[in-house]
Amino acid sequence: MKKLTLLILSVFLSAPLFAQLQNSGVLNEPLDISKDFTDMRNTFFVAEDLASFDPATGKGTVRFERNNLTTQQAFNNMLMRLMPAPANEFPGTEYAVSPEHPFSLEFVSSRTVRIRMTSGPQLAAQEESLMLVNGKAPMNKSAWQYSKTAEGHEYKSEFGRIVISESPWHIRIFDAEGKLLTQTIHTSDVSNSYTPVVPFSYIRRASDYSRSMNAVLELAPGEKIYGLGESWQSFNKRGEKVVLWTDDANGVQNETMYKPIPFYMSSRGYGVFMHHSSPISIDFGKYYSGANSMMIGDDELDLFVFLGEPKDILDEYTDLTGKAPMPPLWSFGFWMSRITYFSEKDGMEVAAKLREHQIPSDVIHFDTGWFGVDWRNDYTFPSDRFPDPKKMLSEFKDQGFEISLWQLPYFTPENILFDELVEKDLVVRDRKGNIPYEDAVLDFTNPATIEWYQDKIKGLLDLGVAVIKVDFGEAAPEQGIYHNGKTGFYEHNIYPLRYNKAVAEITKEVNGDAFIWARSAWAGSQRYPVHWGGDAETSNSAMAATLRGGLSFGLSGFSFWSHDIGGFTTAAPEDLYARWTPFGMLSSHVRSHGNPPTEPWEYGTDFMAGFREADNLRYELMPYIYAQAKHSSETGLPMVRALFVEFPDDPGSWLIDDEYLFGEDILVAPMFENGESRDVYLPPGQWVDYQTGQSYSGGWHNIATGDIPVVMLVRDGAAIPHIALAQTTKEMDWKNIELKVYSSSNGPVDAKVFLPGKEQLETVELAFKNGAYGVAKDPYKRDVKWKINASKLQLTAVGSKE
């Protein structure tokens, strides 16, 4: 058995995977449609004026004028601009020169407005949207009051105004104080520029007569853009072009994404959800600094606009697309994994070592090698390496371990299930009726496929498996024909959402929680936590990029997110693994995974001791983590949180991409390089070093790490709940909780607490009286004995650096 394991491992390691070279035109390269919007062969229809409008319904029509891109030579430069164009159809009596198309405003809430527009007849049957909760958006028109204006029409709520100008047609969006947040761009708005800016419009392709929308909004000076999924590049997307196309990024340092999300928020107080599954390319002022061009592959436009601060926007967006349900307690424990454990013996040895070395852990993950042939997904434990899976899973559970299993939705020709899937027509087809790839790809638009697939997953869950790793999902064929009649142009991006949903729903049916461990995602996938950051490189820059991706992902409606400690691609250097460990332990979920070794004892006694200390920290913080997770689940906030979410009025907080708030009270600054200290930006107020008790005021500081190689501070005025150390969450004593107080003024403090088995998140309030803190409000009088500890704080504050 040992020889077999080594042989399989050596074969795997001798055939490394390589990332796709972008702009090479190869299979499943991200589809960037932006080139269609500068193609001189296409016809450009520019939104010109409001042809009709009914204020009572918010419905009307917009007249579009034809334009072509034309050229002019000037001083040895070839210049381009849009020019009005005549009709080019025959017979000319049959087609509109300046077509009028439906347009509407719909009011979802007092903060949310829906803008819809079409570019031609919509003959496909209307269906419920998988991206929206219950398949459709709510309506609340009464929250907005209408009035007629000299320019056109105005709707007003307590949070802002929407103004429609009739000629030229504009939509202007204002906040409650009257500040213009953004507006659509008409040709007249850019008449003072020599740059050929394409205004709000749609194109009709000469190649196939298909149409795609270009929703162009104004960008203000200093405006910043965030979100759009798990993006590794610049945190602020202003000045970038972002292509939203799910892709196996094969790393975290390129421009493609496992989890693109068609949602962003602006520093000016608004957010936008592009309710589409087609490819989307967005130019946030890269080509023209004042224009945000949302080039949407769809032939209709469906935008939701949200008004407010970041917390308001995330709450509204996740009300619309879904909030993450609360994951099970055990999932917040440490996950031990590598690529890959091959047998029951491997797993039992790891479990024994974890307990022997007193490294708290709740989950052991079996990756690609638990099948008869590594990577050949057939949902069956081979009997030679797993003699009695049900008994094995029961024994793991008795030791406090849940088991996670890997799988994927692609089936190679050698897979025993391949013929069955093809014969039963459960896979994506091509235009001829064959399969597009050599692999068979599950077609989740087919109810029969979902039934077949969920039956396979259920068999594993019934044995006692706790969670399924929902790997891959980014390669749904773009040219494929799906069971629902659509092509991959519309199904590719939404494939991860269908995939996530299928596994989460059967997991909830069997185990009670819609909990998975997934890599790919689309808008709405946050309803099926948790997602992890993919195959990170083992380098300092990859560690930093991982955090940028996590921050952006959290600003896209996802509360729960994890990443592979130390990176994935090669054996992690010891110093990198040591610094990445507290970053992992201070994320919503935590897993060591990647190319071996990943087990801390394989790095030696000193490393293991440091790893254990960071792991112990997480387990002692479990009441804080669990309560903050519950709060995030209810509000749509991320656990790994950009500073400006909590401090929207602090300009400095909008600039930081190498720190984060873990929940609402703990600030984490990971060590991305070797060293004993780093520069840290602190938002306004007082902050207390968790490891030393030193207090700091807002601003820049150079702060030393403690015994754990991370800078970690607590917001002044917080009480952080702790619990006695246990080796698994199942052994924790929730009847005794310690509240560690962080206050430089002896003012009132509070702590959010959420007990396992309870329904409601509660707040425990403390007050300083007679020289000590005591409980002033206790919603858990009969359930918890509180210990209050305020001894660690040093009251001398350190000012910021000049």
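Let me start with Arg519, whose charged end sits over the ring of Phe472, 4.3 Å from its centre, where sitting over a ring requires NZ of Lys or CZ of Arg within 6 Å of the ring centre and within 35 degrees of the ring normal. Lys259 likewise lies over the face of Phe553, at 5.7 Å from the ring centre.

A word on the source: this is a predicted model, in which local features need pLDDT of at least 70 and side-chain atom pairs count only at pLDDT 80 or more, while totals for chains, interfaces and linings use all residues. Residues are numbered from 1 along each chain as its sequence is written, and side-chain values use heavy atoms, with hydrogens and water left out.

Turning to ring pairs, rings of Phe, Tyr and Trp (for Trp, its six-membered ring) pair if their centres lie within 6.5 Å, and planes under 30 degrees apart count as stacked, over 60 as edge-to-face and the rest as tilted. By this rule there are 61 aromatic pairs. In one of them, Phe371 and Trp406 have ring centres 5.9 Å apart and planes at 65 degrees, so the pair is edge-to-face. Phe371 lies in the loop between β21 (363-366) and α4 (389-398), and Trp406 in strand β22 (residues 402-407), so the pair ties together parts that are 35 residues apart in sequence; helices (H or I, at least four residues) and strands (E, at least two) are DSSP runs, numbered from the N terminus.

Are these two residues buried or exposed? Phe371, at 0% relative accessibility, counts as buried, and Trp406 is also buried, with a relative accessible area of 0%, where buried means under 20%, exposed over 50% and partly exposed in between, with a 1.4 Å probe and protein chains only.
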